[in-house]
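Please keep the sequence and the structure at hand while reading.

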Amino acid sequence: MVENAKVFAKRQCFSTPLAPSLAVPSLNLNMDQRKEQLDDELAFSTIGPPHASSFASSLYRDLASDEEIEVFLRETEVYDWENKRWLLPESIKGLKENELQKPLVKLLNAVLAHFWSQEFALGLRKVIDTHTTPLPHKEVVETDYKSRPDCSVKAEGPSFQLPHMETTENIGYSNMASFFEFKVEAKRLGFVKELLQVAAYVRQMFIQQPNRQFVRALLVSEQRFTLFHFDRSGVQHSQQFELSDDSTRSQYLFVRLVVGLCSPHESDLGFDSSIQWKIENGRKVSGTLKTCGGDDHGEMTYNLVDIDPIWSSFNIRGSCTRYWRVVDPQSGEKRLVKDSWRSEERVSEQTFLDHAKDLPGVVEMIYCEDNRAKTKDFRGFVNGSDVPESFCNLIAIRIIMRKGCRLLMEFSSPMELVCACRDAIAGHQLLYELNIVHRDISIHTILLGEPEAEPGNRGVLAGLDMAIFTDSDRDIPETNENGRFGDRTYWPIAALARGDPDTVTYQGPHDHLDDLESFLYVFVYLTHGYSPQGKPLTLPRSLQKWALQTSWAAAQSKTLFLGEPSLKQFQALWPQSCRTLVSSFKNFSKGVTKYKRRIARNAPDDQRDEIMEQLMVGINEHYNGVLRFFDKAIEDLDKEANQMPPQVRAPVSWKPASFFGPPSSPNPCLDGPSETSPNQGSSSRLIALRQDQGPRKRASEEDPDDQPEAKRAGHEDPDEDPKTPSRPRARARMPAIQTQPAISSPLRPKDSSGKKAL
C-alpha cells in the first residue's frame, strides 16, 4: 500500500478542481440569487448549435407529420392560412407582454386539442396561464419562495402529483409536463437572462419530479421562438426561429414542438418510466422501481419504501445522485438503490464495487444496471461528428446495494454514530489497500449499517463514482477542466484551494489524507447539527458558512475552525468522549493541512514529488492513528453507558515537523533555516502519534502567517461568527529558501559529487 501511495503521489500531480463558486447569503435563495448561482453552474455547459443545426427539427417527428400539421393550419382559427401567419398581436413598440398571454395560450390549447384528442389522452394535459400564479419551490431547507412561468402544461399520470402547497387550478412544478415563457421583442432581456429565467423553472421540475431525465421548454415572442433542452450534461438551445416563415416552414416546426411538449406519453417528456407511482386523489400513495435484468439478475420490480428519494441532489447538471429505499420482493429485505450519472470517460462505479466485493466497511453491490441512458441520445446527435467539442456525455447508472439502507444522519445515539464513522474509515483503509481512493466523503456517501451489524460493518462507504485507482499499472485519468460541483461543507482544505488556482500554483492529488479530513467534517457536521439522539438542531453559523462561501473563503474558515476550541452548543450536549474525539481529530487534520500548505507554497518544484512520496510513507499510521481516536471514544462511551466515569485525556497533537521525521529534524525546504543539529533525534520517517507533554503553543505562536487574518486580528469567541477573511495580499508566507542547506536532510537528493542537492 505504501509503495502504490508513493507512486500515486508522484504520478497524479493534479486533481479535478472544484468549479468556481459564488458566495451566497444562505441556502434559501431568492430568484435573483438563484439565477446567479445557476449562471455559475451552467457556464461551461451551455451549447448553442450552429444555424444549420437539425437539433430542434429532429424531435417529435413520429408525433406529427408535415401532412397532419398542414391539416391543422388550414382548419384552425388561430392561424391565417392565406397570409401564412399566426393570429397574434402585431410587433409594435408599445406591445405589452400581458397582451400576448391570452392569444398564445389559446394557440397552444388549439394545438393540444387537435393532436391529442384521442380517448386515452383526454384530460391528461391542459395548457394553463400561470403568469399570475405563484408556484411553490422546494429546496434543501424549508422555503417560502415561489415563481411564475408564463404558461404551464398541467399533467396527470403515474409520474405527477398535486403540488405540496395549494395553488390556483392545483398547478405546480410537481405536475407540470412543460412550460412556455413569453417575451415581447421590444423588451427582450438578453439571451443569458432569459436562459437563466428558464433554468430556474427547470431546476424546480427536476427537484419535484425525481424520475425526470430531461426537460424541454419554449421561449416565444410575437415573432420568434427558441427551444431549450436541459439534461444532466447542462443546457442546449436551438437557434431563434421565425414564428411565421413559409420559406423555412418554421410554423410546422413550432407546431411539432408544441405537440411534443404536451405529449401524454411520459417518455416523450423525459421521464424514466422504470419508476412509477400509484396515484389516488392526485397524490402518490405507493410506487415501484424496476430493473431491466441481466445475465445473472432477471428483471425485478421492487416496491418503494418511501414515496420520494431518501436523498436527492438539487443541481441541474452533474452526477445528480438519488437514493431510493426499496423492498426486495423475494426476500422481503430492504435494499438501497442509487441512481446517478457518470461521465463517459470515467471508470464506472461498478468496477470499484466489484473490486471491493465482501470488503468490510464498504457497501455490497447486488446488481448494477449501467448504460441506462446517455445524454447525447437526448439531443439528436446522429453521429460522433455532430457532438460539439465542449459537450460532456453522461451515462445513467443504477446500483442495487445492501449492508446499508439508512443515511448517516438517521443515527439515534452517539455510539451508533461513532461506530458507523469508525467502520467507514476502516473500510476506506481497506479500499486503499486495493489501490482505490474514494475522493468524495460526505454525509451522503457514508451509510449506517444494518441494526445488528457486526463490528466492521456498522457503517459502510458508498458513492464511489468519483473514486480513482492509485496503482501504477493503470492510466491516470485526465482532470476535468470545467471543475466539479458539490457541497463544500465536507471538502478538505486542499481541495477547496484547488478551486482558486489564482492563489495556489501547486495543485497536488486528492489523496487519503484529504478524505480523512472530510471524515472529520462529516462527524463535526453531525455532532454540531444534531443532538446526541439524532434530533436536528440549528447548525452554528460559522459551520453553515462552509456551504455558502467561495472555495477560497471556505478553506480559510476551515483553517480557522481547526485551530479553535469546540463550539459551546457541542460542548453542552455531547459526551466528553465525543468532544475528545473531535479535538484529537482536529489536531491531526490541522497538522496535515499546515504541512500541505507549506509544500504548496514553499517546496521547490523539483523536490515536491519526493516530499509528497515521503508523506505517503506514514499512510498506515495515518489511518491507525485516526482509528485509535474512534476506538478510544467507543471504549469511553461504553463506560458511560455502564455509568463508569471515562478517563479524561488531553487531545492528541500532531506536530507538522513529524511528517518527515521527529520534531528535531525539520525540512529546511519548507521550514526555512534551522539551528538544530542534524544528528539530533530518530531518523524514522513515519508520522509519530504523540500526546502533548506540557503546555502547547498557540497556533499563532507556532506559525503566525498560517493563521487567517480574522484569527490574527484577535477573534476569540468560538460561538461568534467571524467575518470572512479578505483575500491575502501577495507576501512571503515562510522564510526564504536558503541557497545553502542549513542542515543535512534525508530528503535532499545527492548530486554527482555526492553532495546533497538544493
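Does Lys403 count as buried or exposed, and at what relative accessibility? Lys403 counts as buried, because its relative accessibility is 16% and the cut-off for buried is under 20%. The model is predicted.

## Positive phi angles

Lys403 lies in the loop between strand S20 (394-402) and strand S21 (406-407). Its phi is near 85°, a positive value in a residue that is not glycine. Across space, Lys403 lies 5.7 Å from Gly449, C-alpha to C-alpha, although 46 residues separate the two in sequence. Gly449 belongs to the loop between strand S23 (446-448) and strand S24 (459-461), and it is buried, with a relative accessible area of 2%.

Arg249 also has a positive phi without being glycine, here near 55°. This residue sits in the loop that runs between strand S12 (241-242) and helix H6 (250-261). Arg249 counts as partly exposed because its relative accessibility is 36%, which falls between the limits of 20% and 50%.

## Cavities

The model contains seven cavities of 30 Å³ or more.

By residue class, the lining of the largest cavity comprises seven nonpolar, three polar and six charged residues. Strands S17 (322-327), S18 (334-343) and S20 (394-402) each supply at least two lining residues. The most come from S18, which gives three.

## A buried arginine without a salt bridge

Arg212 is located in the loop between helix H5 (191-208) and strand S9 (214-220). Arg212 is buried but has no salt bridge. The nearest side chain of opposite charge belongs to Glu266, 8.7 Å away.

What polar partners does the side chain of Arg212 have? One is the side chain of Gln209, in a polar contact of 2.6 Å. Another is the backbone oxygen of Leu269, which lies 2.9 Å from a polar atom of the Arg212 side chain.

## Salt bridges

The count of salt bridges in the model is 37. One of them joins the side chains of Glu194 and Arg188, at 2.7 Å from N to O. Glu194 counts as buried at 2% relative accessibility, while Arg188 counts as partly exposed at 25%. Both residues belong to a network of salt bridges that links Glu185, Arg188, Glu194, Arg224 and Glu242.

Another salt bridge joins the side chains of Arg379 and Asp231, at 2.8 Å from N to O. Arg379 lies in the loop between helix H9 (375-378) and S20, and Asp231 lies in strand S10 (residues 224-231), so this pair ties together parts that are 148 residues apart in sequence. Arg379 is buried at 1% relative accessibility, and Asp231 is buried with a relative accessible area of 0%.

Asp514 and Lys596 form a further salt bridge, with their closest N and O atoms 3.2 Å apart. This pair links distant parts of the chain: Asp514 is in helix H12 (residues 512-529) and Lys596 is in helix H16 (residues 576-602), 82 residues apart. Asp514 and Lys596 are both buried.

Terms used. Residues are numbered from 1 along each chain as its sequence is written. This is a predicted model: local features need pLDDT of at least 70, side-chain atom pairs count only at pLDDT 80 or more; totals for chains, interfaces and linings use all residues. Side-chain values use heavy atoms; hydrogens and water are left out. On a 1 Å grid over the protein atoms alone, a cavity is a set of points where a 1.4 Å probe fits but cannot get out, and a pocket is an open set with protein on both sides within 12 Å along at least five of seven lines; lining residues have an atom within 4 Å of a point. Grid points are joined across faces, edges and corners, and a volume is the space filled by probe spheres set on the points. Helices (H or I, at least four residues) and strands (E, at least two) are DSSP runs, numbered from the N terminus. Ala, Val, Leu, Ile, Met, Phe, Trp, Tyr, Cys and Pro count as nonpolar, Asp, Glu, Lys and Arg as charged, and the others, Gly among them, as polar. Buried means under 20% relative accessible area, exposed over 50%, partly exposed in between (1.4 Å probe, protein chains only). Lys and Arg count as positive and Asp and Glu as negative; His and the chain ends are not counted. A salt bridge is a side-chain nitrogen of Lys or Arg within 4 Å of a carboxyl oxygen of Asp or Glu. A polar contact is a pair of N or O atoms within 3.5 Å; within protein, one must be able to donate a hydrogen and the other to accept it, and residues adjacent in sequence count only if both atoms are side-chain atoms.
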